[in-house]
Structures are given as C-alpha cells and as structure tokens.
Amino acid sequence: MSGKPHTLVFSDLDGTLLDHQSYEWYAAAPAIDALKSINAGLILASSKTAPEVATVRAELKIEHWPAIVENGAGVLASHSDDCKEVSQYRSLLSSLQKISPSLRRHFTGFDDMPVKKVADITDLSVKNAALAKQRAFSEPGIWTGNNAEKEIFLKLLREEGIHAQQGGRFLTLSYGANKADQLLMLAKQFEPCRTIALGDAPNDIAMLEAADIGVIVANPDAPPLPMLDGEAEGRIIRTKDAGPNGWNATILDLIANPPFNENTIH
Ligand SMILES: [Mg+2]
C-alpha cells in the first residue's frame with residue numbers, strides 16, 4: 001500500500017463481518033468495495049490464528065493490509081500466510097512446562113490436544129481446527145482445577161509476564177496485548193486521519209473505545225453489549241441489522257457522511 005490511508009477500518013470477524021451462523025461476508029461486499037474505492041484500509045481483528053485470518057483476508061483481496069490475530073496478541077504481516085516468528089508461543093509453552101505437574105495437569109491447552117479434540121471442543125471442522133492449532137502468540141485451554149489452584153497457576157504465569165483471560169469456554173494465556181493495543185500501534189504506523197472499529201462482543205470493547213468511531217454490530221445470538229461511554233456523545237454507534245448486513249449499511253452510511261470527508265480534521 002502506498003501513501004497514507006485517509007481512513008483505517010478495523011473489523012472483528014465472527015458475528016461482525018462474518019455472519020454468526022454461515023460465516024459468510026458477502027452481504028458486506030458493497031461496503032468493502034466502497035472502502036477500496038476511497039483508498040481506505042481494512043484491517044481484520046480476530047481471535048483466530050494467522051493462517052485462519054489469512055484465508056479470509058485473501059478472499060476479501062486485502063492481503064496488502066496486516067491483520068490483528070489471536071485476539072490482539074499479535075499481528076499477521078501483509079502478504080503473509082502465517083506468522084513465521086513463533087518465539088512468543090514457544091516461550092509461553094516453555095513457561096507452562098516449568099509449572100509443577102500437579103498444577104499443570106489442570107490446564108489442557110491447544111498444544112496438548114490432538115486436532116480431533118480441538119475440533120470437538122471448538123465445533124470447528126478438523127481442517128480448521130488444524131489451523132486454529134497453528135499459533136504464534138497465545139494459548140487457549142481448558143481449566144479443570146479448582147479456583148485456589150487456578151490462582152496459584154496464574155500467579156506463577158504472571159511472574160513470567162504471562163496474562164490470562166477467562167472467556168466463556170477457554171482460559172487464554174498470552175503476553176497481554178489486546179485488539180486495542182494493536183489498533184493503536186497500527187494507527188501510529190499508518191497515520192490515518194481517522195480510525196473506525198467494528199465488533200460485536202466483550203473482547204471488542206477496548207478496540208471500539210480506542211478508535212475514533214466505534215461500531216457495535218448487532219448480534220441477536222449473544223447478550224447485547226452494555227452501554228459504552230462513547231455512545232452518549234455519538235462516537236460509538238450501534239448497527240440496526242446483524243453481522244455483515246449491519247456492517248454494510250453502517251459503513252456505506254459513514255462513507256456518505258463527514259467522517260470520511262477528505263477535509264475532516266482529526
Ligand atoms: Mg465477534
């Protein structure tokens with residue numbers, strides 16, 4: 001990509017740009033084309049791994065942009081199918097190996113599981129589960145011990161600089177960066193006049209708040225996000241329609257309005 005983009009759009013995938021059920025993005029094609037026509041950047045920001053995101057990024061023909069992967073724990077470079085540099089992941093796994101077996105046995109990470117097991121617990125196909133196992137920055141897993149044991153486990157990991165985030169199903173270990181950190185880092189690198197972020201879930205909130213404009217994409221299959229600070233001032237808005245339909249309508253609407261105007265002062 002040459003020159004500075006006027007606008008950088010950061011988008012979550014599942015339930016945001018991809019339909020919650022079908023995983024398709026076609027409903028957003030008009031807005032994606034419109035973004036390309038005004039030379040705006042589109043940066044995917046997902047909990048998926050680099051090879052998983054690379055597949056979607058190639059379909060969208062936006063390989064010339066980097067992508068935020070593993071929930072913000074890392075970035076997939078432009079024109080790359082996976083992260084060649086996996087030293088963070090190796091270091092995370094070696095920290096796990098230092099923990100005494102009596103505690104370690106309560107955490108079953110993706111690296112500990114065969115592909116079939118990952119497919120079973122994630123509802124991914126075996127092929128996609130294999131991609132989900134190709135990690136570079138973070139390790140999701142299942143905790144089976146009690147809370148007291150978990151506290152000790154997490155304290156030992158913290159001493160190694162490793163943070164843990166408990167999601168609905170997985171306890172995910174990483175060195176702490178989130179989608180918002182990567183948005184700010186990439187905005188510093190590309191120096192757009194304006195950033196827009198779209199997401200549907202709690203793990204998108206920091207990114208929605210870090211962008212100039214945040215768009216909460218409706219997801220009828222999940223509890224609605226709480227009212228965010230920026231909503232009262234109109235800096236954060238909500239789509240009417242779910243998933244890629246809402247994404248499409250809102251981006252087209254924003255393109256037609258001043259935030260995309262070349263004369264907008266940041
Ligand atoms: Mg989502």
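Mentor: Start with a term. Buried means under 20% relative accessible area, exposed means over 50%, and partly exposed lies in between. Keep in mind that this is a predicted model.

Trainee: Is aspartate 14 buried, exposed or partly exposed?
Mentor: The relative accessible area of aspartate 14 is 30%.

Trainee: Which residues coordinate the magnesium ion?
Mentor: The donor spacing in sequence reads D-x1-D-x185-D. At 2.2 Å, the magnesium ion is coordinated by Asp12 (OD), Asp14 (O) and Asp200 (OD).

Trainee: Which residues are linked with Asp12 in a network of salt bridges?
Mentor: Asp12 also coordinates the magnesium ion. In general, side chains of opposite charge can pair when their charged atoms come close. The network links Asp12 with Lys179 and Asp204.

Trainee: What area do domain 1 and domain 2 bury between them?
Mentor: Domain 1 covers 7-73 + 178-260, and domain 2 covers 87-174, by the domain assignment. Their centres, taken over C-alpha atoms, are 27 Å apart. Nine residues of domain 1 are in contact with twelve residues of domain 2. Carbon and sulfur atoms carry 54% of the buried area, which is about 750 Å².

Trainee: How many salt bridges does the rule find across the interface of domain 1 and domain 2?
Mentor: The rule needs a side-chain nitrogen of Lys or Arg within 4 Å of a carboxyl oxygen of Asp or Glu. Arginine 135 and glutamate 70 form a salt bridge, with their closest N and O atoms 3.7 Å apart. Across the interface of domain 1 and domain 2, the count is one.

Trainee: How many residues apart in sequence are the parts tied together by lysine 98 and glutamate 160?
Mentor: Their side chains meet in a salt bridge, 3.1 Å from N to O. Lysine 98 lies in the loop between helix H3 and helix H4, and glutamate 160 in the loop between helix H7 and strand E7, so the pair ties together parts that are apart in sequence by 62 residues.

Trainee: Is arginine 104 buried or exposed?
Mentor: Arginine 104 meets aspartate 112 in a salt bridge, 3.0 Å from N to O. Aspartate 112 is partly exposed at 36% relative accessibility. Arginine 104 has 10%, so it counts as buried.

Trainee: What kind of aromatic pair do tryptophan 25 and tyrosine 26 form?
Mentor: The count by the rule is five aromatic pairs. In this one the centres are 4.9 Å apart, with 45 degrees between the planes. Planes under 30 degrees apart count as stacked and over 60 as edge-to-face. That makes the pair of tryptophan 25 and tyrosine 26 tilted.

Trainee: What kind of pair do tryptophan 65 and phenylalanine 190 form?
Mentor: Tryptophan 65 and phenylalanine 190 are buried. The pair links distant parts of the chain, 125 residues apart. With 5.2 Å centre to centre and 65 degrees between the planes, the pair is edge-to-face.

Trainee: What is phi of aspartate 123 near?
Mentor: Most residues other than glycine have a negative phi. Aspartate 123 sits in the loop between helix H5 and helix H6. Its relative accessible area is 66%, so aspartate 123 is exposed. Phi of aspartate 123 is positive, near 65 degrees.

Notes. Residues numbered from 1 in each chain as written. Predicted model: local features only at pLDDT ≥ 70, side-chain atom pairs only at ≥ 80, totals over all residues. Heavy atoms only, no water. Phe/Tyr/Trp six-rings, centres within 6.5 Å; stacked < 30°, edge-to-face > 60°. Helix = DSSP H or I, 4+ residues; strand = E, 2+ residues; numbered from the N terminus. Buried < 20%, exposed > 50% of the residue type's maximum accessible area, 1.4 Å probe, protein only. Donors = N, O, S within 2.8 Å, 3.2 Å for Na, K, Ca; no water. Domains from an automatic or database assignment. Contact = heavy atoms within 4.5 Å. Buried area = accessible area lost by both parts, 1.4 Å probe.
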